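I opened this model to learn its layout. My notes follow in the sequence of my look-ups.

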Amino acid sequence: MKRQSEFDAGRVSAISDGIFAIAMTLLVLDLKLPDLEPGISNRAFSDSVLQQAPRFASWLLSFAILVRLWIVQHALLARGDTRSRGFVGWTFLFLGAVSFTPFPTSLLSEHHDQALSIWIFSATMAVAGIGLLRMWRAEQSTEEGDPSQKDSLRKLVFVLWATALVSAAVALVSPRVGVWIWAAFPIVAAVLSRDGR
């Protein structure tokens with residue numbers, strides 16, 4: 001049986017969209033209503049809702065990062081009708097990191113004061129960055145493409161890796177600051193994408 005060397009870009013895009021949709025949906029399952037008795041005081045109600053803040057913040061952070069990753073991957077899939085075997089292989093590494101994202105997000109929401117939570121989250125995002133960069137390189141070997149898009153992708157992956165490294169290192173001293181470093185990533189990535197246009 002002959003090995004398939006090219007894959008339909010539409011099929012790759014469809015499975016990618018499905019995995020992103022499921023991962024983004026699973027993120028929200030960590031947001032739960034507080035267990036409150038009827039007739040609770042306003043103060044107790046506010047305190048219970050505010051205790052959910054780490055879960056909400058983790059959801060928002062991960063959702064924003066996944067949106068940025070989806071946009072970049074979508075740009076990589078936008079041109080041409082087929083993708084190489086190498087591109088598809090690296091796509092599945094990338095999608096593995098995306099599908100794993102709800103787990104480190106839950107860790108961050110429940111244990112944002114633990115360095116290991118930040119390390120696992122950072123490692124997941126770094127693997128996603130490796131997948132993106134390798135997909136870009138596989139595409140570069142078969143197509144030309146827009147140089148500004150390639151430069152923008154390189155910057156994004158560099159910032160993703162730098163954020164992962166700095167956040168993991170800082171988490172050794174202060175895990176909470178490590179989380180805040182990740183909070184800056186979606187903003188920096190959005191600014192980079194505007195500069196790339």
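**Overall layout.** I counted eight helices and two strands in the protein. Helices are DSSP runs of H or I with at least four residues, strands are runs of E with at least two, and both are numbered from the N terminus. Along the sequence I read the pattern β-α-α-α-β-α-α-α-α-α. This is a predicted model: local features need pLDDT of at least 70, side-chain atom pairs count only at pLDDT 80 or more, and totals for chains, interfaces and linings use all residues. Residues are numbered from 1 along each chain as its sequence is written, and side-chain values use heavy atoms, with hydrogens and water left out.

I looked up the span of the C-alpha trace along its principal axes: about 65 × 35 × 35 Å. Of the 197 residues, 39% count as buried. Buried means under 20% relative accessible area, exposed means over 50%, and partly exposed lies in between (1.4 Å probe, protein chains only). Next came contacts, meaning heavy atoms within 4.5 Å. Among contacts with a separation of 6 or more, residues 24 or more positions apart account for 80%.

**The core.** The largest nonpolar core has 42 residues, and L69, F94, L132 and W182 touch the most other members. Such a core is a set of buried Ala, Val, Leu, Ile, Met, Phe, Trp, Tyr and Cys residues joined through side-chain atoms within 4.5 Å. At least two residues each come from α1 (9–28), α3, α4, α6 (115–142), α7 (147–171) and α8. α6 gives the most, with eleven residues. I then checked F94. Not counting residues up to four places away in sequence, F94 touches F20, L69, Q73, A128, G131, L132 and M135.

**Two helices.** How do α4 and α5 cross? The axes of α4 (residues 85–100) and α5 (residues 102–110) come within 5 Å and cross at roughly 35°. V98, S99 and F100 of α4 meet P102, F103 and P104 of α5. By class, this contact has five nonpolar, one polar and no charged residues. Ala, Val, Leu, Ile, Met, Phe, Trp, Tyr, Cys and Pro count as nonpolar, Asp, Glu, Lys and Arg as charged, and the others, Gly among them, as polar. The axes are lines fitted to C-alpha atoms over the stretch in contact, with angles from 0 to 180 degrees between N-to-C directions.

**Single residues.** I19 lies in helix α1. Beyond four places in sequence, I19 touches L95, V98 and S99.

F63 lies in helix α3. Is F63 buried or partly exposed? F63 counts as partly exposed because its relative accessibility is 30%. Leaving aside neighbours within four places in sequence, F63 is in contact with M24 and L27. F63 and V28 are 35 residues apart in sequence and 9.0 Å apart in space, C-alpha to C-alpha.

Q52 lies in the loop between α2 (42–50) and α3. Q52 counts as buried because its relative accessibility is 18%. Setting aside neighbours within four places in sequence, I found Q52 in contact with K32 and P34.

**The pocket.** I ended with the largest pocket, which holds about 340 Å³ of space. Its lining has 14 residues, and A57, S58, V179, W180 and A183 lie nearest the centre. α3 (53–77) and α8 (175–195) each supply at least two lining residues. By class, I noted eleven nonpolar, two polar and one charged residues in the lining. On a 1 Å grid over the protein atoms alone, a pocket is an open set of points where a 1.4 Å probe fits, with protein on both sides within 12 Å along at least five of seven lines; lining residues have an atom within 4 Å of a point. Points are joined across faces, edges and corners, and the volume is the space filled by probe spheres set on them.
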